[in-house]
Amino acid sequence: MDKKSRRLFMRLFILVILAGAIVFTVYNSLTKEKNKVLQVGDAAPDFELVDMNGETHNLSEYKGQGVFLNFWGTWCKPCEREFPIIDKYYQEYKDEGIQVLAVNIAESDFVVQDYIDRKGLSFPVLIDKNKSVMLAYNIKPLPTTILVNPEGKIEKIITGEMSDESILSYMNQIKPE
């Protein structure tokens with residue numbers, strides 16, 4: 001291969017790499033952040049999921065109540081530690097207009113039901129099988145809890161493990177007047 005052919009080959013190679021980088025950058029920017037990042041004060045996106053008892057839950061059904069919306073996984077150790085506390089306060093506040101909805105992220109019914117039975121949970125556990133609710137809420141780390149006030153607006157977004165005191169405080173924060 002002579003010098004001219006090598007130079008032409010090298011230039012074409014560099015041109016192909018640059019074109020690939022441009023295409024990747026354009027594609028990445030067009031597909032990034034399809035869902036708006038939710039903030040405190042935004043209306044909580046409505047959804048419809050089925051719980052482990054086969055009952056359908058729409059977030060909009062709980063207008064007028066405070067909703068403690070918890071995203072979790074069975075493998076999540078912080079979730080495991082906070083569930084008994086959440087369940088304790090759910091029992092205490094459910095008749096005062098506080099609803100807990102625990103949204104599992106795409107695990108099997110069998111695994112989730114076994115977990116519920118072992119932990120003795122009494123609040124509704126929903127499975128987001130296709131991760132559509134997770135995407136609508138832009139959930140990244142687990143656990144993440146979204147506090148929805150009685151008007152259907154996001155009151156607070158909590159990522160990470162919550163203490164007994166903070167769970168109690170958050171439930172009081174969204175309790176209807």
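**Close-up 1. Buried residues of helix α3 in the predicted model.** Within α3 (residues 109–119), the buried residues are Val-112, Tyr-115 and Ile-116. Viewed along the axis of α3, these buried residues fall within an arc of 100°, so they line one face of the helix. An α-helix has 3.6 residues a turn, so residues three or four places apart point the same way. Phe-110, Asp-117 and Arg-118 are exposed on the other side of α3.

**Close-up 2. Surroundings of helix α3.** The elements against which the buried residues of α3 pack are β3 (66–72), α2 (77–93), β4 (98–105) and β5 (125–128). After α3 comes Gly-120, which has a positive phi, near 65°.

**Close-up 3. Burial of strand β3.** Seven of the seven residues of β3 are buried, so the strand is largely enclosed by the rest of the structure. Gly-66, Phe-68, Asn-70 and Trp-72 point one way from β3, while Val-67, Leu-69 and Phe-71 point the other way; all are buried. In a regular strand the side chains alternate between the two faces of the sheet.

**Close-up 4. Pairing of β3 with β4.** β3 and β4 run parallel and are joined by seven bridges.

**Close-up 5. Pairing of β3 with β6.** Strand β6 (residues 144–148) runs antiparallel to β3, and five bridges join them. Thr-144 in β6 is the bridge partner of Phe-71.

Conventions
Residues numbered from 1 in each chain as written. Predicted model: local features only at pLDDT ≥ 70, side-chain atom pairs only at ≥ 80, totals over all residues. Heavy atoms only, no water. Buried < 20%, exposed > 50% of the residue type's maximum accessible area, 1.4 Å probe, protein only. Helix = DSSP H or I, 4+ residues; strand = E, 2+ residues; numbered from the N terminus. Arc of directions from axis to C-beta. Contact = heavy atoms within 4.5 Å. Pairing = 2+ DSSP bridges.
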